[in-house]
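Let us walk through this protein step by step.

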Amino acid sequence: MSFEFPWLFLLLPPLWYCLYRCRERLSPRYFVHLEFFAVRRGWFKWLWLLRYFAVLLLVTAIASPVTVDKDDPLNRQGVDVVLALDASGSMGASGFDPQSRESRFDIARKIAKHFIVDRIGDNAGVVIFGDFAFIASPVTYEKNVVAEMMDYLVYGMAGQNTAIGEGIAMGVRAFEDSQATSKVLILLTDGEHNSGRVSPKEATALAVKHGIRIYTVGMGREGEFDEAMLRRIADESGGAFFAAYDPEALTAVYEAIDGLERSRIKSERILRKEYYYTWPLAMGVLLLFYLWRREALA
């Protein structure tokens, strides 16, 4: 919690000092020596402490305590991103990272998880494709949940072949309920289109029709993936093509896409604020009312 006008707390010392020094003068109307019956007021009396506390509460209220939520779930002005991951049999091959025995799919999944979680203010979803394609996670703001779900994905769960057209078409379907003005599909594959009823050309036309940009990523050794087709998909949809031959290059690819598709929310820092001035204001007013009633009945 912070305060919108913290400098107002500088008023406390003079106000407290005035409470102590600026005592009211009684004007006796019915008895000339009424002050002799007045209760002696001392600095440490608890009523004085209540007065100081009431002033503190009122100053706190006008200083406007506020909390700032940087991860506003109601914000829908960010970028909606769908990752279409190739889970065909070839993604089970190791050797993409010479220092590790991890499969291509495990490495791609791990890097993609970091990409999703770091997209502040955006929504994300995941599509898996092989012989067929399915939506593993709908587009949602709960990116940590999406990242945890990705731990359960394995290569081969959608078949052994590579239906790139199906992957793009299912990605378009994942955006069905999206209200975002900017929609991005990131398609990653290590092979060539060799399966499915939807061709990459038809699927790309469908994505263009729905205003979806496609970034294509070819991973693996040079010549393994269909670079010409991936470039064509990216060019026709307004995206870009990237090639990654090792984990460092793949990480750099996602960083480059992150820079190209930076959310307007992230750059402008449009945040949700919640104000809490009513609590100290109500407590201060109640305390003043109590002090006033006590003075009136004394």
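A residue is called buried when its relative accessible area is under 20%, exposed when that area is over 50%, and partly exposed in between, using a 1.4 Å probe and protein chains only. By that rule, 42% of the 298 residues of the protein are buried. This is a predicted model, in which local features need pLDDT of at least 70, side-chain atom pairs count only at pLDDT 80 or more, and totals for chains, interfaces and linings use all residues. Residues are numbered from 1 along each chain as its sequence is written, and side-chain values use heavy atoms, with hydrogens and water left out.

The protein has 10 helices and nine strands. These are DSSP runs, numbered from the N terminus: helices are H or I with at least four residues, strands are E with at least two. A contact means heavy atoms within 4.5 Å. Take the contacts between residues at least 6 apart in sequence: 79% of them join residues at least 24 apart. The exposed surface comes to about 17,100 Å², and carbon and sulfur atoms supply 58% of it. Such areas come from the Shrake-Rupley method with a 1.4 Å probe; for residues, only the protein chains shown count as cover.

Now look at the second largest pocket. A pocket is found on a 1 Å grid over the protein atoms alone, as an open set of points where a 1.4 Å probe fits, with protein on both sides within 12 Å along at least five of seven lines; lining residues have an atom within 4 Å of a point. This one holds about 160 Å³ of space. The volume is the space filled by probe spheres set on the points, which are joined across faces, edges and corners. Which residues line the second largest pocket? They are Ile111, His114, Phe115, Asp118, Thr251, Tyr254, Glu255 and Asp258. The most come from α8, with four. By type, the lining has three nonpolar, two polar and three charged residues. Here Ala, Val, Leu, Ile, Met, Phe, Trp, Tyr, Cys and Pro count as nonpolar, Asp, Glu, Lys and Arg as charged, and the others, Gly among them, as polar.

Next come the cores. A nonpolar core is a set of buried Ala, Val, Leu, Ile, Met, Phe, Trp, Tyr and Cys residues joined through side-chain atoms within 4.5 Å. The largest has 35 residues, and Ile186, Leu188, Leu250 and Tyr254 have the most contacts inside it. Several elements each supply at least two residues of this core, including β3 (79-86), β6 (182-189) and α8. The largest share, seven residues, comes from α3. Apart from this core lies another, of 24 residues, among them Val82, Phe129, Val172 and Ala174. Leaving aside neighbours within four places in sequence, Ile186 is in contact with residues including Val81, Phe115, Tyr215 and Tyr254.

Ser64 sits between α2 (46-62) and β2 (65-69). Is Ser64 buried or exposed? Ser64 counts as buried because its relative accessibility is 8%. Its phi is near 65°, a positive value in a residue other than glycine. Glu142 lies in the loop between β5 (133-140) and α4. With a relative accessible area of 47%, Glu142 is partly exposed. Arg221 belongs to the loop between β7 and α7 (227-237). Arg221 is exposed, at 57% relative accessible area. Not counting residues up to four places away in sequence, Arg221 touches Arg104 and Tyr245.
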